[in-house]
Amino acid sequence: MLYELRKYQVMPGKMPALLDRFGSFTVPHWHARGFNLVGFWTADIGGANNELTYILGWESVEERIAKFGTWQASPERLAKWEETERDGPLVYRVHNLLMQPTAFSQLDQGIAYGPDAAGRAPYLFEWREYDAMPGKTAPMVKRFDDFVVGCFKGHGFRQVGYWTPLLGGHNGQLIYLLAWESHEERIRRFQEFQADPEWRRVMADTERGGPLVERIATQMLRPTAFSPLR
């Protein structure tokens with residue numbers, strides 16, 4: 001499975017109209033056309049407040065090109081866009097990134113990140129991007145595989161998925177998604193992880209030749225009403 005991350009920068013004041021178009025029109029049509037919808041979010045903390053972020057899953061690049069091309073040319077889509085954009089466009093820029101899952105990505109292993117959403121409040125999601133130091137991408141990813149993923153699990157982290165860029169982004173990135181019940185839980189569990197003596201030992205052992213990570217970017221996201229991941 002490949003995953004396409006799409007970020008829409010929305011025109012001022014147009015987020016409600018865009019969310020309505022997705023929820024009432026686009027998402028039902030995508031379901032009917034066999035799109036694999038993973039999740040939809042708006043910014044909670046970090047990033048820009050005019051962004052809609054979502055992820056689609058594809059079996060191949062060819063499937064993505066065929067289905068998206070057919071959708072964009074469909075008469076019903078063109079008519080809906082004309083109707084909803086009479087006063088101007090809803091979106092002024094779209095960024096997309098095609099990602100491939102790591103061998104330890106929970107989403108592709110069928111590992112649930114929490115109980116069924118019908119029986120709980122929606123989670124907050126944390127999008128994290130790690131930029132490796134030059135030449136350190138492989139050991140950075142290996143440290144997650146060998147230790148961090150298991151340690152996160154031991155500290156009660158809800159891990160959704162891990163990816164590296166395939167098209168777009170850059171070749172030194174590791175991207176992953178976490179789910180939290182609250183900001184307070186997120187702070188508490190990260191503090192516990194960072195104070196873990198075993199993590200401190202592993203970090204020291206793996207960074208004898210210098211740090212593996214050059215930069216970490218993080219953003220808290222809130223799922224939309226129509227997001228499959230909630």
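The protein contains 7 helices and 8 strands. Its radius of gyration is 19 Å, close to the 17 Å given by the globule rule for 230 residues, so the protein is as compact as a globular protein of that length. The model described here is predicted. Along the principal axes, the C-alpha trace spans about 60 × 35 × 30 Å.

The arrangement of the strands was examined next. Strands of a sheet pair through backbone hydrogen bonds, and the pairing can be parallel or antiparallel.

Strand E2 covers residues 36–45, and strand E8 covers residues 213–223. These two strands run antiparallel and are joined by 4 bridges. Thr 42 has Arg 222, in E8, as its bridge partner.

Contacts and surface were considered for the protein as a whole. Among contacts between residues at least 6 apart in sequence, 78% join residues that are at least 24 apart. The pairing of E2 (residues 36–45) with E8 (residues 213–223) brings together two such separate parts of the chain. Of the 230 residues, 47% are buried, a term used here for a relative accessible area under 20%. The accessible surface of the protein comes to about 11300 Å². Carbon and sulfur atoms account for 53% of this surface.

Note on methods. Residues are numbered from 1 along each chain as its sequence is written. This is a predicted model: local features need pLDDT of at least 70, side-chain atom pairs count only at pLDDT 80 or more; totals for chains, interfaces and linings use all residues. Side-chain values use heavy atoms; hydrogens and water are left out. Two strands pair if DSSP finds at least two bridges between them. The radius of gyration is taken over C-alpha atoms; the globule rule is 2.2 Å times the number of residues to the power 0.38. Buried means under 20% relative accessible area, exposed over 50%, partly exposed in between (1.4 Å probe, protein chains only). Contact means heavy atoms within 4.5 Å. Accessible areas come from the Shrake-Rupley method with a 1.4 Å probe; for residues, only the protein chains shown count as cover.
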